[in-house]
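User: Hi, I'm new to reading protein models. Could you walk me through this one with some questions and answers?

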Amino acid sequence: MESNPTSPTTIPIFSNFTSPFEGSSKKSESSSSTRKPLSLWPGMYHSPVTSTLWETRSKIFERLLDPPLDAPPQSELLTRKPSQSRMTILYNFSSDYTLREQYRDPWNEVRIGKLLEDLDALAGTISVKHCSDDDSTTRPLYLVTASVDKMVLKKSIFVDIDLSISGAVIWVGRSSIEIQLDVTQPTSAEDTDSVALTANFIFVARDYKTGKAAPVNRLVPETEQEKLLYEAAEVRSKLRKNKLNGDKRVIENGEVNKFKALLAEGRIFCDMPALADRDCILLRDTRLENSLICQPQQRNIHGRIFGGFLMLRAFELAFSTAYVFAGVMPSFMEVDHVDFLKPVDVGDFLRFKSCVLYTEFQDSDRPLIHVEVVAHVTRPELRSSEVSNRFYFTFTVRPEAKAMMNNGHRIRKVVPATEEEAHIIAERMDADLL
């Protein structure tokens with residue numbers, strides 16, 4: 001199926017328990033002797049959404065698989081409307097049992113980690129759709145996930161009710177693009193607010209040949225809602241730039257009293273552990289870690305490791321960290337921020353390290369647990385380790401766990417043992433207030 005890039009697209013999602021392309025492989029081969037069978041494309045195993053999106057945009061993605069590096073770059077930027085990049089995917093959970101089983105978590109809800117994969121895949125497809133110049137003689141752009149600005153879960157997402165994700169480009173800079181996605185699931189005919197989750201992804205464009213930042217097509221919002229979204233995204237962009245430019249100042253002139261108070265509590269644990277507050281715990285004692293070798297099946301269309309896969313692994317480690325810390329089943333609330341600092345390649349030794357940064361107790365029924373996950377690319381041959389990604393998640397506890405907590409169980413306050421840990425906690429607290 002090939003859609004017009006200038007018109008909205010709605011795509012039904014089906015189970016990929018067996019390859020959805022097996023029946024069409026002969027047709028594909030007959031139509032193009034050089035086309036690679038879609039079932040052999042990178043990243044196809046991730047989810048039914050990834051498979052379907054790549055099939056839907058097959059002509060564009062085929063050019064990205066083997067980009068013509070000697071072709072000239074796009075000569076003239078186009079002006080596009082948000083509606084021209086809009087795409088919607090539909091999950092037929094109510095009728096597709098196998099699809100349901102692929103997304104089910106232990107509480108009969110949608111597995112959030114797999115949904116993160118799908119959100120990244122859809123945002124990437126939307127960015128490609130916006131940046132395409134529909135000219136097969138030019139060199140396509142290389143688009144990468146730079147960050148997830150915010151992702152908020154507004155209500156539980158059930159696996160036995162049909163679900164849709166809709167998104168479009170809402171803002172562009174010179175070489176950056178912001179895509180907003182809404183996950184909707186009406187639970188009844190009277191459900192007036194069916195938005196269950198919102199997410200904002202930032203992508204950046206690079207020239208395939210030079211690797212340098214490349215300009216992207218312009219965006220002209222039309223409706224009042226589109227104009228409001230554009231203005232809000234413009235404000236967020238300025239805040240991100242100010243934060244980058246002001247990091248050193250914040251560290252030097254930050255909230256000294258908060259920093260000292262955090263560190264003082266931690267030093268009691270280190271120097272006088274018998275006198276330490278039993279309702280506190282050192283940050284280092286909340287840590288978990290896992291590791292893996294990145295495999296070819298986890299790569300995206302550019303040959304790097306798929307950003308959605310990294311988010312899935314980070315989320316599930318964060319969930320485990322919150323679970324073992326709280327002692328009761330956690331409930332996901334937000335992805336506070338994700339930075340994609342360096343690309344991850346096939347064959348890399350990737351280590352995920354997590355910890356609980358801090359907790360909040362303003363609402364006794366819904367204490368907040370803020371978890372950081374840092375991904376490191378480790379190269380033993382070079383004796384080096386670099387941070388590739390930083391993820392920040394917020395959890396609370398499930399309603400059914402409240403009774404356990406009321407029976408004497410308490411979630412502890414996290415305190416630092418070192419100045420570095422105190423700085424990280426203080427900076428993250430300030431960032432979450434923005």
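Analyst: Accessible areas come from the Shrake-Rupley method with a 1.4 Å probe, and for residues, only the protein chains shown count as cover. This is a predicted model, where local features need pLDDT of at least 70 and side-chain atom pairs count only at pLDDT 80 or more, while totals for chains, interfaces and linings use all residues. Residues are numbered from 1 along each chain as its sequence is written, and side-chain values use heavy atoms, leaving out hydrogens and water.

User: What is the area of the nonpolar surface patch made by Ile268, Met272 and Leu275?

Analyst: Take Met272, which sits in the loop between helix H8 (256–271) and strand S9 (280–282). Helices (H or I, at least four residues) and strands (E, at least two) are DSSP runs, numbered from the N terminus. Met272 has a relative accessible area of 41%, so it is partly exposed; buried means under 20%, exposed over 50%, and partly exposed in between (1.4 Å probe, protein chains only). Together with Ile268 and Leu275, Met272 makes a nonpolar patch of about 290 Å².

User: How confident is the predictor, on average, in the protein chain?

Analyst: The score to look at is pLDDT, the predictor's confidence in each residue, from 0 to 100. Residues 19–41 stay under 50, and the model gives them 19 contacts (heavy atoms within 4.5 Å) beyond four places in sequence. Residues 248–254 are also below 50, with three contacts beyond near neighbours in sequence. Still, 79% of the residues score at least 70, and the chain average is a pLDDT of 81.

User: How many salt bridges does the count come to?

Analyst: Side chains of opposite charge can pair when their charged atoms come close. The rule here asks for a side-chain nitrogen of Lys or Arg within 4 Å of a carboxyl oxygen of Asp or Glu. By that rule, the count is 17.

User: Which residue forms a salt bridge with Asp336?

Analyst: Asp336 is in strand S11 (residues 330–340), and its partner is 186 residues apart, in strand S4 (residues 141–153). The N to O distance is 3.9 Å, and the partner is Lys150.

User: And is Glu178 buried or exposed?

Analyst: Glu178 meets Arg236 in a salt bridge at 2.6 Å, N to O. The pair links strand S6 (residues 176–184) with helix H7 (residues 224–253), 58 residues apart. Arg236 is partly exposed at 22%, but Glu178 has 0% relative accessibility, so it counts as buried.

User: Which residues are linked with Arg379 in a network of salt bridges?

Analyst: One of its bridges goes to Asp348, with the closest N and O atoms 3.8 Å apart. Arg379 lies in strand S13 (residues 368–379) and Asp348 in the loop between S11 and strand S12 (349–360), so the pair ties together parts 31 residues apart in sequence. The residues networked with Arg379 are Lys342, Asp348 and Glu386.

User: How many disulfides does a search of the whole structure find?

Analyst: The search looks for pairs of cysteine sulfur atoms within 2.5 Å. Cys131 is buried at 6% relative accessible area, and Cys280 is buried at 4%. The number of disulfides found is zero.

Key. Patches are made of residues with over 30% relative accessible area and no salt bridge: like charges are joined within 9 Å, nonpolar side chains (Val, Leu, Ile, Met, Phe, Trp, Tyr) within 5 Å.
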